[in-house]
Amino acid sequence: MTSTICTTNGIEDKVQKLVIEDCSQNGNTNHNDTEIEDMKDGDLKDELCDPDNPICVKFQDVSAAAYKIKSGIQRTPCQKSHMSALTGMEIYFKKEFLQFTGSFKERGARNTLLMLNKAQKKKGVIAASAGNHALALSYHGKDLGIPVTVVMPIVAPIMKVSLCRQQQANVIIHGADIGESKNLAMKIGRKQGLAYINGYDNPHIIAGQGTMGLEIVEQIADIDAVIIPIGGGGLIAGTALAIKSLSPKTLVIVSVNF
């Protein structure tokens with residue numbers, strides 16, 4: 001008896017990371033606001049990511065997300081790999097790189113934007129990201145008519161920065177790492193009334209990413225195991241919820257990214 005394994009790992013970008021020394025060039029925003037800089041870190045709080053008041057994501061949330069985003073997201077193929085003959089088991093690849101921006105991040109981004117109330121959609125959203133989350137929000141924000149601001153660290157790939165600008169996002173280059181970018185993004189969000197969208201620790205993001213799990217179970221029958229790469233944890237959380245709810249016997253294997 002052979003095993004059926006599906007892996008969600010797609011094609012990684014091999015783009016050299018460049019440091020942007022002058023944030024005022026190339027259409028980026030150079031942010032300098034004394035009031036924001038003086039804002040205390042203790043005043044910052046993401047209500048959708050509060051360890052003292054956790055929000056439980058349910059299978060119904062994933063199902064609802066699938067319906068909401070279906071008109072704007074690709075149902076990517078899950079195709080059998082040539083590696084199957086070499087390994088003695090059936091191996092399938094879920095090709096999420098076929099999304100418009102090349103990443104599964106679109107699922108959560110679109111679902112989260114659609115969950116905003118009318119007033120917040122008009123004001124807009126803000127996020128901190130070095131690439132895929134920023135681009136997914138920028139693309140779907142433009143498609144849905146929702147203003148998007150992204151704060152990207154100086155080590156963000158220049159290609160991702162450029163693509164976000166092409167999608168008419170307000171790009172701010174700030175921070176030596178994503179932590180510093182997030183800090184500024186939350187400060188700007190609070191001052192300007194923009195909804196901060198965490199790239200992975202957000203219930204709507206998790207539910208959106210989980211729609212990939214629904215597709216895998218529908219596309220491949222009797223899956224023994226699914227291998228899912230993990231970064232922030234949004235994809236594994238949502239996808240594992242969906243897969244285990246529909247196919248309890250399927251083993252979900254975590255592949256840690258270093």
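The dialogue below moves from the whole chain to single residues.

Q: Before looking at details, what kind of model is this, and how many helices and strands does the protein chain have?
A: This is a predicted model, and every value we discuss is computed from it. The protein chain contains 10 helices and 9 strands.

Q: How much of the protein chain is buried, and how is its accessible surface made up?
A: The general idea is that rolling a probe the size of a water molecule over the atoms shows where empty space is left. In this chain of 258 residues, buried residues make up 47%, while the accessible surface comes to about 13,200 Å², with 52% of that surface belonging to carbon and sulfur atoms.

Q: What share of the contacts joins residues 24 or more positions apart?
A: Among the contacts in the protein chain with a separation of 6 or more, 72% are accounted for by residues 24 or more positions apart.

Q: Where do lysine 58 and aspartate 61 lie?
A: Lysine 58 is in the loop between helix H1 (34–37) and H2, and with a relative accessible area of 48% this lysine is partly exposed. Aspartate 61 has its place in helix H2 and is also partly exposed, at 34% relative accessibility. Leaving aside residues up to four places away in sequence, aspartate 61 touches Cys56 and Ala207.

Q: How should I read an aromatic pair, and how many does a search of the whole structure find?
A: A pair of aromatic rings is described by the distance of the centres and the angle of the planes. The search finds 1 aromatic pair. Phenylalanine 100 and tyrosine 139 form this pair, at 4.3 Å centre to centre with 10 degrees between the planes. The pair counts as stacked because planes under 30 degrees apart are given that name.

Q: Which parts of the chain does the pair link?
A: It links distant parts of the chain, with phenylalanine 100 in the loop between strand E3 (90–94) and helix H4 (105–114) and tyrosine 139 in helix H6 (residues 132–144), 39 residues apart.

Q: Is each of the two residues buried or exposed?
A: Phenylalanine 100 is exposed, with a relative accessible area of 57%, whereas tyrosine 139 is buried, with a relative accessible area of 19%. Tyrosine 139 is called buried because its value is under 20%.

Q: Why can H4 be described as largely enclosed by the rest of the structure?
A: The reason lies in a count: 9 of the 10 residues of H4 are buried, so the helix is largely enclosed by the rest of the structure. The buried residues include Lys105, Gly108, Arg110 and Leu113, and the buried residues of H4 pack against helix H2 (59–69), E3, helix H5 (118–123), strand E4 (125–128), H6 and helix H9 (203–219).

Q: What does arginine 110 touch?
A: Arginine 110 has its place in helix H4 and counts as buried at 6% relative accessibility. Not counting residues up to four places away in sequence, arginine 110 touches Ile69, Ser71, Gly72, Ile73, His140, Asp143 and Leu144.

Q: What lines the second largest pocket?
A: This pocket holds about 410 Å³ of space and is lined by 21 residues, of which Asp46, Leu48, Leu194, Ala195 and Tyr196 lie nearest its centre. The elements giving two or more residues to the lining are helix H8 (178–192) and strand E7 (195–196), and H8 supplies the largest share, 3 residues. Sorted by class, the lining has 9 nonpolar, 7 polar and 5 charged residues.

Q: Finally, where do glutamine 168 and aspartate 222, with their positive phi values, lie?
A: Glutamine 168, with phi near 70 degrees, is found in the loop between helix H7 (158–166) and strand E6 (170–173), and counts as exposed at 62% relative accessibility. Aspartate 222, which has a positive phi of about 55 degrees although it is not a glycine, lies in the loop between H9 and strand E8 (225–230) and counts as exposed at 59% relative accessibility.

Definitions and conventions: Residues are numbered from 1 along each chain as its sequence is written. This is a predicted model: local features need pLDDT of at least 70, side-chain atom pairs count only at pLDDT 80 or more; totals for chains, interfaces and linings use all residues. Side-chain values use heavy atoms; hydrogens and water are left out. Rings of Phe, Tyr and Trp (its six-membered ring) pair if their centres lie within 6.5 Å; planes under 30 degrees apart count as stacked, over 60 as edge-to-face and the rest as tilted. Helices (H or I, at least four residues) and strands (E, at least two) are DSSP runs, numbered from the N terminus. Buried means under 20% relative accessible area, exposed over 50%, partly exposed in between (1.4 Å probe, protein chains only). Contact means heavy atoms within 4.5 Å. Accessible areas come from the Shrake-Rupley method with a 1.4 Å probe; for residues, only the protein chains shown count as cover. On a 1 Å grid over the protein atoms alone, a cavity is a set of points where a 1.4 Å probe fits but cannot get out, and a pocket is an open set with protein on both sides within 12 Å along at least five of seven lines; lining residues have an atom within 4 Å of a point. Grid points are joined across faces, edges and corners, and a volume is the space filled by probe spheres set on the points. Ala, Val, Leu, Ile, Met, Phe, Trp, Tyr, Cys and Pro count as nonpolar, Asp, Glu, Lys and Arg as charged, and the others, Gly among them, as polar.
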